[in-house]
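Please read it alongside the sequence and the coordinates.

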Amino acid sequence: MAKDQFLNHTDMKDAILRHLMMTLGKLPDTAQLYDWRMATSFAVRDRIMERWFAATRATYEKDAKRVYYLSMEFLIGRLLEDAIVNLRLEDLVRSALHALGQDYRDVLEDEPDAALGNGGLGRLAACFMESMSTLGVPAFGYGIRYEHGLFRQSFDGGRQVERPETWLQQQHPWEFERPEARFRIGFGGDVSETGSRAEWTPAEGVFAEAYDTPVVGWQGRWANTLRLWSARAEDPFDLNRFNHGDFAGAAEGEALARTISRVLYPDDTTGQGRELRLKQEYFFTAASLRDILRRFDTQHDDLRALPSRIAIQLNDTHPAIAGPELVRILHDERGLEFDEAVVIARGCLSYTNHTLLPEALESWPEDLFGRLLPRHLTLIDRIDAAHAAANPSRAVSARGDHQVKMGELSFMMAHKVNGVSALHTELMKSTVFANLHGLHPDRIVNQTNGVTPRRWLLSCNPRLAALITDTIGDAWVGDLERLADLEPHVGDAGFREGYEAAKHANKADLANWLKSDAGVDVDPAMMFDVQIKRLHEYKRQHLNILETIALWQAMRADPGADWTPRLKIFAGKAAPGYFFAKDIIRLINDVAAVINTDPQTAHLLKVVFLPNYNVTMAERLIPASDLSEQISTAGKEASGTGNMKFALNGALTIGTLDGANVEIREKVGPENFFLFGMTADQVDGRRAVHDHAALAIADSPELAAALEAVRNGTFSPDEPDRYHGIAGNVSGPDYFLVASDFADYWRAQRAVDAAFAAPRTWAHMAALNTARSGWFSSDRTIRGYSADIWGAQSLLSDE
């Protein structure tokens, strides 16, 4: 699409120096690492710009259908290396920086992670944006430009402490402020009705201001846009109050407005927190829809053409208000009849469900919703009534128990609803959306998640990537299913030795980092056993730590046995108001403090919980991992993407038949996957058994002993009853069936020990995981969305 701008490292060096002096105002002899990183970022960004402009021009010229991906999270991580890799500039940038006396890795690692997400939802959105650019699908991502992200996690006495992220204290070199894209977003106020239409006069409002980040695809052939909204006050400063000495009050309007875009997922255990969350969701959704329609209006004057020109994907229920908001604009502001407005809106909207937990399908108290969005509540009633009239046998509604139910609303207003793994999609049909699926049997489709191989193999694991390329060529980077060509080589001694050497070197790097950053001294020969996820009971980090305690107890009871040495690595954040999950974090840290200082077992078992898990940490941990813990209660994890990243990088999985684990096991082969636990059907049956937890504990002496250690204060001698809540929960009611799955988990872990003790066997299994993981590319997923949901086409000639 664009000619190369840098033919050699001298051109790149000159570009870096130009930005250092002309953009940053620094001379080389006084520049700091920050300055070199910023100058390098601007020089690389220059390379993206013409491609970005060309992609935009091509989309307008061909009047192509655009995809609009609405998500509360975009966990994009660091962008400099991502851009360098996708533009194939590694050698040029490395040599240019070397010529300037700068270390390439130091410059890359100076960049802070963009604090725009928390977990799999946001990382998936980031992978999708990169894949849409790689495939040349015209797209915009829409979200919120959070000033402080979720939070920066640290530990104090083992307890999680939350502090604000500060990533925007430095200039963000990848974004462009767009003052022309500015919309007033209102809340509250009055509604005056005229016939079937109404005029909403909000009582308060904020401005949504746009910031654009280009997202470049593989080989730089296409670039799409991530547009993030920042909230600003209508009247940011009250000079009269200031002149009367009320200095804080003078800036109150700006401070209150900016709360909307300060923090991801504010604690909703308070009324103020819930109100802020609803404001956030409407704020970014309404701004995005106005922007979408503004762009549509530049080329079209018939609103009935909307579904043929735009596809709006709702990533979970957070942007579910898009349905009634789009109907409001089309009906109240643009004059279409209500029924036609609903049909057009539905033709544009599709919805991705990410949870089977009923409590995670958002709902809002009617009084809160009506107070903030009075017109929308009326429209939801009309949408719901129309749906009821068309489906008189239905048993669900978008309103009930004084709640507005966003999951049901999303389903009613979407022309397609997709699950994110084969199992999850089938369970959606039989559980959370069973009645709606019966009424609309063609609406639910599956699109199993995927991950971008550019970041999650080529960039984060260069040793393994180089081995793969040396073996089968580099076409796999743009077509991950080419990894299947590795399989004939897996049995070759030379390939296996290279594979083992790459893993060992990655583990040695991680061991050095753990010693310097976490103060934990580990032997790279140990099995690196990793669980990195946000904390939730269904993800069962407490099952993992209970098995760790049981293993430690077994090692102490028989220290001379042939134990397989292990390093247990945990990372992940608990929501500020999720106290049970925060107790699990503290328990893991307390267990680590005891086990890591036990002279009998310290050479056999170590435990570490790494603070402030983010994309950069995942890029460090995953290539060095031997075992991937995917141990959620069957039927609760929608898909997962961490499981795919681990398998792609040659970590074997210990897991349940949950989410995409099912498809991973099918692809890599059951003999290369350590399965344990009940199926989703068995889970339902087990819960019906009276005292199921007590029965399981009675049948497992290992679990009984581990729970007793938790209960009696072995890991909290200064406060023996600290973890009575966790022990009591596992002993009953144990909704997530930790006790009932423990014995089989213990069995599977001993099978893991035996396999790891045979290095050639383990390496063979790990290499097959890599060779057979090509299907789990987000490129494949985006092709599926484009064909089955969006009706969008690539504008690249070879796609």
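Which residue in S10 does Leu70 stand opposite? Leu70 stands opposite Leu314 in S10.

This is a predicted model, in which local features need pLDDT of at least 70 and side-chain atom pairs count only at pLDDT 80 or more, while totals for chains, interfaces and linings use all residues. Residues are numbered from 1 along each chain as its sequence is written, and side-chain values use heavy atoms, with hydrogens and water left out.

1. Strand S1 and its partners. Strand S1 covers residues 66-70. Strands (E, at least two residues) and helices (H or I, at least four residues) are DSSP runs, numbered from the N terminus. S1 is joined by 5 bridges to strand S10 (residues 310-315) and by 4 bridges to strand S2 (residues 139-144); S1 runs parallel to S10 and parallel to S2. Two strands pair if DSSP finds at least two bridges between them. On the S2 side, Val67 stands opposite Ala139.

2. Burial of S1. Because 5 of the 5 residues of S1 are buried, the strand is largely enclosed by the rest of the structure. Buried means under 20% relative accessible area, exposed over 50%, and partly exposed in between, with a 1.4 Å probe and protein chains only. Arg66, Tyr68 and Leu70 point one way from S1, whereas Val67 and Tyr69 point the other way.

3. A parallel open sheet. Elsewhere in the model, 6 strands form an open sheet with parallel pairing, in the order S19-S18-S17-S20-S21-S22. The edge strands, each pairing on one side only, are S19 (605-610) and S22 (674-675). Within this sheet, 2 bridges join S17 (residues 527-532) to S20 (residues 627-630), and Asp529 stands opposite Leu627 in S20.

4. The largest cavity. A search of the whole structure finds 6 cavities of 30 Å³ or more, and the largest has a volume of about 210 Å³. A cavity is a set of points on a 1 Å grid over the protein atoms alone where a 1.4 Å probe fits but cannot get out, and lining residues have an atom within 4 Å of a point. Grid points are joined across faces, edges and corners, and the volume is the space filled by probe spheres set on the points. The largest cavity is lined by 18 residues, of which Leu79, Asp82, Pro214, Val215 and Val216 lie nearest its centre. Helix H3 (80-86), helix H6 (120-135) and strand S8 (204-216) are the elements that give two or more residues to this lining.

Terms used:
On a 1 Å grid over the protein atoms alone, a cavity is a set of points where a 1.4 Å probe fits but cannot get out, and a pocket is an open set with protein on both sides within 12 Å along at least five of seven lines; lining residues have an atom within 4 Å of a point.
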